[in-house]
Amino acid sequence: QVQLIESGGGLVQTGGSLRLSCAASGTYAMAWFRQAPGNKREFVAAISRSGSNTYYADSVQGRFTISRDNADNTVSLQMNSLKPEDTADYYCAASPRDYGLAFRVDYEFWGPGTQVTVSS
């Protein structure tokens, strides 16, 4: 069973930055999703197992950066220029299938989530 543990959520003002991290028990294709109250879970960003390919939702392109360190199996999401509409629970996801990362939602493993609140 793959374990995913997120960290780094919190409260930040509009325009501020946060960095989320996800520790995995192995090397997988990884992604971040988010879910705001009353909304469906939505894709935020993904990164291939090698780290050579990254994908972003249009809503975060240019503001968020996904990266990974395969030496310790961690994936990070650097979030800059945060907006109130970025407020959500953020989930780390992992899959052994390293393809279709720009549009897949069927990741096999999920973390418990970490809350991000952006105040206006």
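Reader: Why is Cys-22 called buried?

Author: Cys-22 has a relative accessible area of 1%. A residue is buried under 20% relative accessible area, exposed over 50%, and partly exposed in between, with a 1.4 Å probe and protein chains only. The value of 1% falls under 20%, so Cys-22 is buried. The model is predicted, so local features need pLDDT of at least 70 and side-chain atom pairs count only at pLDDT 80 or more, whereas totals for chains, interfaces and linings use all residues. Residues are numbered from 1 along each chain as its sequence is written, and side-chain values use heavy atoms, leaving out hydrogens and water.

Reader: How do you know that Cys-22 and Cys-92 form a disulfide?

Author: The sulfur atoms of Cys-22 and Cys-92 lie 2.0 Å apart. A disulfide is a pair of cysteine sulfur atoms within 2.5 Å, so this pair qualifies. The structure holds one disulfide. The angle about its S-S bond is -80°, and the link of Cys-22 and Cys-92 is left-handed. Cys-22 belongs to strand β3 (residues 18–24) and Cys-92 to strand β9 (residues 88–95), so the bond ties together parts 70 residues apart in sequence. Strands here are DSSP runs of E with at least two residues, helices are runs of H or I with at least four, and both are numbered from the N terminus. Cys-92 has a relative accessible area of 0% and is therefore buried.

Reader: What makes the contact of Glu-42 and Arg-34 a salt bridge?

Author: The side chains of Glu-42 and Arg-34 meet at 2.6 Å, N to O. A salt bridge requires a side-chain nitrogen of Lys or Arg within 4 Å of a carboxyl oxygen of Asp or Glu, so the pair meets the rule. Side chains of opposite charge can pair when their charged atoms come close. Arg-34, at 5%, is buried, whereas Glu-42, at 35%, is partly exposed.

Reader: How many salt bridges does the whole structure have?

Author: There are seven salt bridges. Among them is the one between Asp-86 and Arg-63, with the closest N and O atoms 2.8 Å apart. Asp-86 lies in the loop between β8 (74–79) and β9, and Arg-63 in the loop between β6 (54–56) and β7 (64–69), so this bridge ties together parts 23 residues apart in sequence. Both Asp-86 and Arg-63 are buried. Another of the seven joins Arg-97 to Asp-106 at 2.9 Å, N to O.

Reader: Why is Arg-97 called partly exposed?

Author: Its relative accessibility is 26%, which lies between 20% and 50%, so Arg-97 is partly exposed.

Reader: What makes a set of residues a nonpolar core?

Author: The members are buried Ala, Val, Leu, Ile, Met, Phe, Trp, Tyr and Cys residues joined through side-chain atoms within 4.5 Å. The largest such core has 38 residues, of which Leu-4, Met-30, Trp-32, Leu-77, Met-79 and Tyr-90 touch the most other members. Strands β3, β4 (29–35), β5 (42–47), β7, β8, β9 and β11 (114–119) each supply at least two residues of this core. In soluble globular proteins, nonpolar side chains tend to be buried together.

Reader: How do you know that the size of the chain agrees with a compact globule?

Author: The radius of gyration is taken over C-alpha atoms, and the globule rule is 2.2 Å times the number of residues to the power 0.38. For 120 residues a compact globule would come near 14 Å, and the protein chain has 13 Å, which agrees. The chain has zero helices and eleven strands.
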